[in-house]
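Please consider the charged side chains of the protein shown below.

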Amino acid sequence: NIDLTPTHISWQPSANAGAHHTDRYANTELTVRRGQAFAIGLYFNRPQQPGESLAFVAEIGPSPSESHHTKAVFAISEAGASGWRAAQEPSESGYINFTISSPANAVIGRYNLTLQVTSGNRIFSRFLGQFVMLFNPWCPADDVYMANENERQEYVLNENGIIFVGNAKYIEARGWYYGQFQDPLLNICLTMLDLSLYYRQDPATDVSRRGDPKYVGRTRCITFLLGKWQGSFHSHENPSRWDGSVVILQKWRQDNYKPVQYGQCWVFAGVMCTVLRCLGIPTRLISNFNSAHDVDRNLSIDKYYDSSGKSLNIGKDSTWDYHVWNESWFVRQDLGTSYNGWQVLDATPQEQSKGLFQCGPASVTAIKEGDVDLDYDTLFVYTEVNADCNRWIVYNDGTKKRVYCDTEIIGRFISTKAVGSNSRVDVTYNYKYPEGSSEERRVYRKAWAKIFGSNVPERRRESTNERSSEMMRNPGISGKFKLAEPPVFGKDINLILILNNLSFDHKTVRVDISASTILYTRRAVSEILQATTSVDLGSKQGKHIRLRIPYTYYGKYLTTDKRIQVTALCEVMNVHGIKLLVEKTIILEDTNIIIKVNTPRERSRIYFEFTPRRTGPLQMQVDFSCDKFSHVKGFVTIAVAPA
């Protein structure tokens with residue numbers, strides 16, 4: 001007899017892609033989501049005869065095995081131990097329809113599908129082809145299940161995003177194109193799975209763990225980008241150049257997976273969001289303003305200034321104007337159901353975790369509740385949003401004196417894009433209780449006890465000598481910088497230092513002013529101004545000190561971050577040790593570009609033609625550069641109607 005042999009397979013791409021929400025992927029092979037049935041049709045060389053039975057074999061990875069859950073053999077209409085099932089549907093002579101179902105915890109990636117035919121005591125196999133399996137946020141049994149359809153549309157299917165940058169007093173929206181469905185991003189993301197150190201060390205085990213979203217998220221810290229925060233970007237891309245992930249990932253592949261140069265935190269986070277959404281894990285970007293990097297993990301950031309108020313690049317701790325990371329949505333079976341939901345994954349890991357530069361997933365609930373001993377890297381993220389900020393004066397003889405401790409400045413205006421719009425949503429209270437509340441104090445004591453093994457009654461600043469601590473917080477004067485006008489790149493900057501005497505006693509105050517260009521990580525680049533003055537303050541009196549920073553002072557020292565930090569160290573004379581430190585970070589705005597054509601009744605325009613690939617919202621980005629200004633950005637969302 002002639003062996004029963006499949007002659008053609010129909011993957012039924014249109015029906016399967018629509019049912020599995022994979023119709024936007026540009027790749028041509030069948031792409032489905034786990035925990036949900038998909039249909040295929042097989043043509044045979046002859047009708048099936050009595051005594052002949054059919055089974056399927058699904059395999060993934062270099063060494064498929066049933067013990068590793070990377071191989072499943074399942075007969076028609078029989079529920080196998082693997083959780084895979086196949087059923088025969090109404091068919092015609094020579095053509096059989098099947099539905100194949102995978103378990104909701106199946107390994108994700110590219111599978112080989114084989115038909116196994118048993119005839120009497122003979123078993124023979126025929127390779128049918130390959131298909132791709134992804135996580136399934138629509139399946140209630142999947143660890144990444146997200147119940148709200150609007151949120152699934154935003155965090156899985158939306159290719160357009162917003163990244164919030166700037167600083168706590170000047171939050172700016174920047175457009176970003178994720179493009180997770182573009183060609184060949186799915187193939188790039190699947191290749192990325194095989195480039196991790198974990199895969200190189202033990203391929204079989206690594207593949208077997210790819211059904212777990214926390215493992216996939218944690219091990220995706222592949223070096224697809226090199227970070228650079230200062231110096232020259234000649235011959236490579238300035239991080240400010242990037243507007244989306246697609247070009248970066250395409251270049252990474254074209255250069256044989258050599259890291260693309262260069263990126264900074266928002267670029268890393270944007271690309272990571274593309275990868276995780278592409279694989280089916282609901283993911284969003286989070287911007288944390290005044291973000292702490294606590295190297296010694298003592299819940300405080302130490303910042304140093306010289307006696308004139310100039311910021312010093314000493315000490316390993318730092319505070320960034322903003323830091324961008326990812327949140328992904330999945331359950332935490334390792335921690336318990338109370339820690340399910342959003343999990344922090346940082347694609348710009350600043351410290352090693354278990355021997356590798358990786359960060360997360362850290363449960364947002366665990367961060368809020370001070371459970372800093374839980375996996376993974378919860379203490380590090382807790383400190384990013386909760387650390388105290390100590391400011392020290394370093395004198396010429398090397399001695400240091402702490403002049404201020406701020407317990408509220410770190411972790412401000414934690415932001416993400418709204419579902420279904422470009423609005424900013426403040427999620428600070430997802431990460432911590434209101435500053436100064438009884439809950440916040442309880443959580444701080446809990447975190448302290450878990451780190452140091454003992455309890456403390458209040459924030460550490462209150463455990464010092466009460467009188468000196470009170471003087472540190474309230475030196476009898478107050479001060480703040482105020483901009484006299486919006487700071488525009490290319491123009492002089494005019495500031496006012498407002499000093500107020502809070503007491504009835506007369507005071508003479510020495511004021512040392514320093515200004516430096518800085519990075520968004522607040523690392524000083526170049527000092528551009530230093531000045532000293534003194535002011536007499538009568539009883540309850542306030543005075544204004546005007547300060548001008550000419551463009552000629554800062555122009556050639558400014559980085560693409562366009563930031564200047566101004567500090568004023570105010571010392572009350574004849575009162576030993578009483579100092580006030582006033583600080584302001586200025587972000588220079590780009591000059592408005594106005595083009596006028598003198599010819600009457602004529603306008604100059606630049607026309608662009610493009611063809612939208614699909615209906616729905618489309619983000620159009622504009623990036624303008626010239627010899628004076630670089631990367632002036634804007635974006636607009638366009639609604640694309642059906643043709």
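A residue is called buried when its relative accessible area is under 20%, exposed when that value is over 50%, and partly exposed in between. The model to which these terms are applied here is a predicted one.

By this rule Asp255, at 33% relative accessibility, is partly exposed. Its side chain meets that of Lys251 in a salt bridge, with an N to O distance of 3.1 Å. Lys251 has a relative accessible area of 31% and is therefore also partly exposed. A further salt bridge joins Asp212 and Lys214 at 2.7 Å, N to O; here Lys214 is buried, because its relative accessible area is 15%.

The count of salt bridges comes to 27. One of them pairs Arg110 with Glu29, whose closest N and O atoms are 2.4 Å apart. This pair links distant parts of the chain, 81 residues apart: Arg110 belongs to strand 8, and Glu29 to the loop between helix 1 and strand 2. Arg110 is partly exposed at 26%, and Glu29 is partly exposed at 21%. Asp194, Asp206 and Arg210 form a network of salt bridges.

An unreviewed UniProt entry annotates Asn386, Asp388, Glu435 and Glu440 as "binding site". These residues span 55 residues in sequence, yet no two of their C-alpha atoms are more than 13.1 Å apart, so they gather at one spot.

Finally, Lys169, Arg412, Lys480 and Lys482 form a surface patch of positive charge. Of these, Lys480 is placed in strand 26.

Terms used:
Residues numbered from 1 in each chain as written. Predicted model: local features only at pLDDT ≥ 70, side-chain atom pairs only at ≥ 80, totals over all residues. Heavy atoms only, no water. Patch = residues over 30% accessible without salt bridge, like charges linked within 9 Å, V, L, I, M, F, W, Y side chains within 5 Å. Areas by Shrake-Rupley, 256 points an atom, 1.4 Å probe, with all protein chains shown as cover. Salt bridge = Lys/Arg side-chain N within 4 Å of Asp/Glu carboxyl O. Lys, Arg positive; Asp, Glu negative; His and termini not counted. Charge placed at Lys NZ, Arg CZ, Asp CG, Glu CD. Helix = DSSP H or I, 4+ residues; strand = E, 2+ residues; numbered from the N terminus. UniProt positions renumbered as here; feature names shortened; annotations may be inferred. Buried < 20%, exposed > 50% of the residue type's maximum accessible area, 1.4 Å probe, protein only.
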